[in-house]
Amino acid sequence: QVQLVESGGGLVQPGGSLRLSCAASGSIFNYIMGWYRQPPGKQREFVAIIPTRGSPNYADSVKGRFTISTNNAKNTVYLQMNSLKPEDTAVYYCYGRPSYSATTYWGQGTQVTVSS
């Protein structure tokens, strides 16, 4: 079992950047890691995912602006968010699932607000 803790959220102006971090309590080797978000009054939605093999996948709404990456040595996954828009305002959740299991793990969420 792994615990996920997000950090890095905050208030940023449109066009700005933020980097979210998700620290895992254990190894994320062989874990599929990703980010989801829940805008105000809406359901949680997919943002980005990085598989154990292959290239990351992104929601169309963030493609070209967001980049997901991992540092397995630090058991951490990142979400670099550039050219932020007001519609990116949401609570961002870190997600993890072992590639050999259907068990999923979620962080507690971190608030990102894009506003002038």
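Start by selecting Ile28, Phe29, Asn30, Tyr31, Met33, Ile50, Pro51, Thr52, Arg53, Thr70 and Asn72, the residues that line the largest pocket. Here a pocket is an open set of points on a 1 Å grid over the protein atoms alone, where a 1.4 Å probe fits, with protein on both sides within 12 Å along at least five of seven lines, and lining residues have an atom within 4 Å of a point. Its volume is about 180 Å³, taken as the space filled by probe spheres set on the points.

You're looking at a predicted model, where local features need pLDDT of at least 70, side-chain atom pairs count only at pLDDT 80 or more, and totals for chains, interfaces and linings use all residues. Numbering runs from 1 along each chain as its sequence is written, and side-chain values use heavy atoms, with hydrogens and water left out.

Next, pick Cys22 and Cys94: a disulfide (cysteine sulfur atoms within 2.5 Å) joins them, S to S 2.1 Å. Cys22 sits in strand β3 (residues 18–24) and Cys94 in strand β9 (residues 90–98), 72 residues apart; strands are DSSP runs of E, at least two residues. The link is left-handed, with -85° about the S-S bond. Both cysteines are buried, meaning under 20% relative accessible area with a 1.4 Å probe, protein chains only.

Now show Trp35, Leu79, Met81 and Tyr92, which touch the most other members of the 29-residue largest nonpolar core. Such a core is a set of buried Ala, Val, Leu, Ile, Met, Phe, Trp, Tyr and Cys residues joined through side-chain atoms within 4.5 Å. Colour β3 too: four residues, the largest share of this core, come from there.

Terms used: Buried < 20%, exposed > 50% of the residue type's maximum accessible area, 1.4 Å probe, protein only.
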